[in-house]
Amino acid sequence: MSKQVALLQGNEACALGAIYAGCDFFGGYPITPSTEVAEEMALMLPRSGGKFIQMEDEIAGIGTVLGAAAAGAKAMTATSGPGFSLMMELLGYGCMAELPCVIVNVQRGGPSTGLPTKGAQADMLQARWGTHGDHQAIALCPSSIEECFTQTVKCFNLAERFRMPVLLMMDEFIGHMREKMTIPQPGELETYTHPRPKIKPAEYRHFGEGTGVGGAYAAMGSGYRFNITGLTHDPKGFPTNRADETKWKMDRLRAKVADHLPELTEVEREFMDDAEIVIFSYGAAARTAQQAVREARAQGVKAGLLRPTVVWPFPDQVVTEALRQARAMVVAELNQGQMILEVERANRTHTRVLPALRYDGEMITPAEVMNVIAEAAR
Amino acid sequence: MKIHPAYEMLRPDKNFPNVWCPGCGHGIVQGAIIRAVQKLGLDRDEMAMVSGIGCSSRMPVYCDFNSLHTAHGRAIAFATGVKLHNPKLHVIVITGDGDALAIGGNHFIHAARRNVEMTVVLMNNMIYGMTGGQYSPTTPIGKRASTAPYGTAERDFDPCSLAKAAGAVFAARGTVYNAAELEKLITQALAKKGFALVEAVSPCPTLYGRLNREGNAVKMMQWQKENTVNVKAAEKLPPEKVRGKIVTGVFHDAETPGYTEIYDRVIAKARGA
Amino acid sequence: MAKNTTVEEARAAIEQDFKQGYDLPVYVYKPWCKSCEICVAFCPKQVLEMGEDRKPRLARPRDCIRCRQCELRCPDLAIFVCEEKAK
């Protein structure tokens, strides 16, 4: 098979990645700048027998996705800020009911209607804490068209393995940008589907032993009859008010991420070995940061780039370590300062942390980042 | 000697009695649903009972089906996803007047418009019971509720007309007093290919009854017995004879292809292209 | 409130009573009954009445026509016709 090279839009690459990952259900609602994901899925899913549906609002969009996931689908939705805000309650439902699904947020200028056709990265903390109650979050963040493809595949794998919603935090810059990429061959990228239980239905507990991370869990209609509810519940899925069962469930949910941090830590590094000024950036802003680091290096400044591709859970140890070694860290992001709060939280060594922010709808420029690098180098 | 036929459809390891108040009609609707499922000989592994939030929606956990207790107002949206992904499943949505028509109203009318194959059993007690007696979209104007101490100032919905206008293929209403008729209507709805609504008028003695001084379970059921008119009889009666009464029976029964059937044609077209 | 029971525990208790010669046309599984009195109020033959334990009992079992209205209207599935035809 010859290598297939394609010029793709980020949103298209995301949809292609979903199909590659085995997605067989999409439920969503039109919203700039993510609508192309839905349009591509509407085109491609039926070809492989998958189902696409455009619902009456984003709540219904994620609602159908969670319903399909309960029935065993690999399901996804795609939206942007306003829709992402509407999906918050059911994002929490997906965590509590332990339903795998992928939610793509092509971030745009906010808040409110904001700048529908302009990019931003200002939903990052919402991605972590937007829904109510203690809960976990897994979110990835692509910086290229190829990563829109590969990270969507990874989101599906993580959703299936961790049995929870996984977020792909894109933005309008990446979503609408076109770039060349080589389409992976079938089998080239790992795809994961959770195993189905083999034990007798009478012994099956939908939230019992062996159904957690990487475990086997059943789909509605597969010969195992069980109860799923958003109420706090016991291992059988029956509602409970008991403190011990509540703690069991809350600890089970927390352990999913807390016990698998190494696996959920993915950070790209460039020029970091001898870096004195580290630029922490992600998503679209990291493209500018990369350029700024290279230009700084050309001017003899020992700058390095630290780019998380998994942004939630936050890579605490990696950032703490980088801060320990660096003279200063510059955080470049397209908001008024969000992931910088996490960086400062991970700062054990009082290392200087300088913001390089842009929040007017335009892409931050290398020059702007260079200015802050210069300030950091003083 | 024979044991209650419905027991075989109850979840074996769930504690009973159910959570509903003494005399609440919801348990009667559950009985009617179970008997309808048994009459049609439906396989429990292919039953998907999806509910929202509220007194109505505590039913699925008690049934030995695939049960999915979702979020307030969202049962029909979840059910759309369940049905579309696995059309083999018989999807029953269990919802209440507040759950389906207030917060869930948007999903109710759109699933009816799309004619997604599901039976929606809307247990109408004309109040929000779970949260303590607030008025709902079906509370008759002037009736009292914890949030309408002077009587409501709002007219109420007729869920059957709403469903019919939105595109449902079947809309019927029954009362828990006439549980046999209710079972028949649910059986008809389950056999339909499309969005089939059965509104079950189910008294709430604890809140609606007390707040409106309409007495206990027996008195409220007695009122149902004396104030129900079948739709065919109602057509022949002058309006003032029907006003304030519960009109029961089948209001709409049509044949229109269901959503998953139509979407299969989309798949065929996509594969043919 | 009495202790909750599962339907399997209910089945075992009922079959136990049958084995010990229970021979009335209607059976009341008391642990599930919430004393709402619907069955008593709407029995067309006034077979039922509330006992001292505020649970229904068959006062006039011979009048029972096995119409199952008590069974159909019980919100807790706690009463049912257990003998199809009179002996």
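1. A salt bridge here is a side-chain nitrogen of Lys or Arg within 4 Å of a carboxyl oxygen of Asp or Glu. By that rule, the count between chain B and chain C is zero.

2. A quick word on the ground rules: this is a predicted model, with local features needing pLDDT of at least 70 and side-chain atom pairs pLDDT 80 or more, while totals for chains, interfaces and linings use all residues. Residues are numbered from 1 along each chain as its sequence is written, chains are lettered from A in the order in which they are written, and side-chain values use heavy atoms, without hydrogens and water.

3. Back to the B and C pair: 36 residues of chain B are in contact (heavy atoms within 4.5 Å) with 38 residues of chain C. Together the two chains bury about 3000 Å², 66% of it on carbon and sulfur atoms; this is accessible area (1.4 Å probe) lost on being put together, summed over both.

4. Eight residue pairs across the interface of chain B and chain C are in polar contact, both residues being at pLDDT 80 or more. Helix 8 of chain B gives the most to the side of chain B that touches chain C, with five residues.

5. Now to chain A, where helix 3 (a DSSP run of H or I, at least four residues) covers residues 58-70. In helix 3 of chain A, 13 of 13 residues are buried, meaning under 20% relative accessible area (1.4 Å probe, protein chains only).

6. What about the ends of this helix? At its start, a side-chain oxygen of Asp57(A) reaches to within 3.1 Å of the backbone nitrogen of Ile59(A). Just after helix 3 of chain A, Gly72(A) takes a positive phi of about 100°.

Terms used: Helices (H or I, at least four residues) and strands (E, at least two) are DSSP runs, numbered from the N terminus. The expected span of a helix is 1.5 Å times one less than its number of residues. Buried means under 20% relative accessible area, exposed over 50%, partly exposed in between (1.4 Å probe, protein chains only). A polar contact is a pair of N or O atoms within 3.5 Å; within protein, one must be able to donate a hydrogen and the other to accept it, and residues adjacent in sequence count only if both atoms are side-chain atoms.
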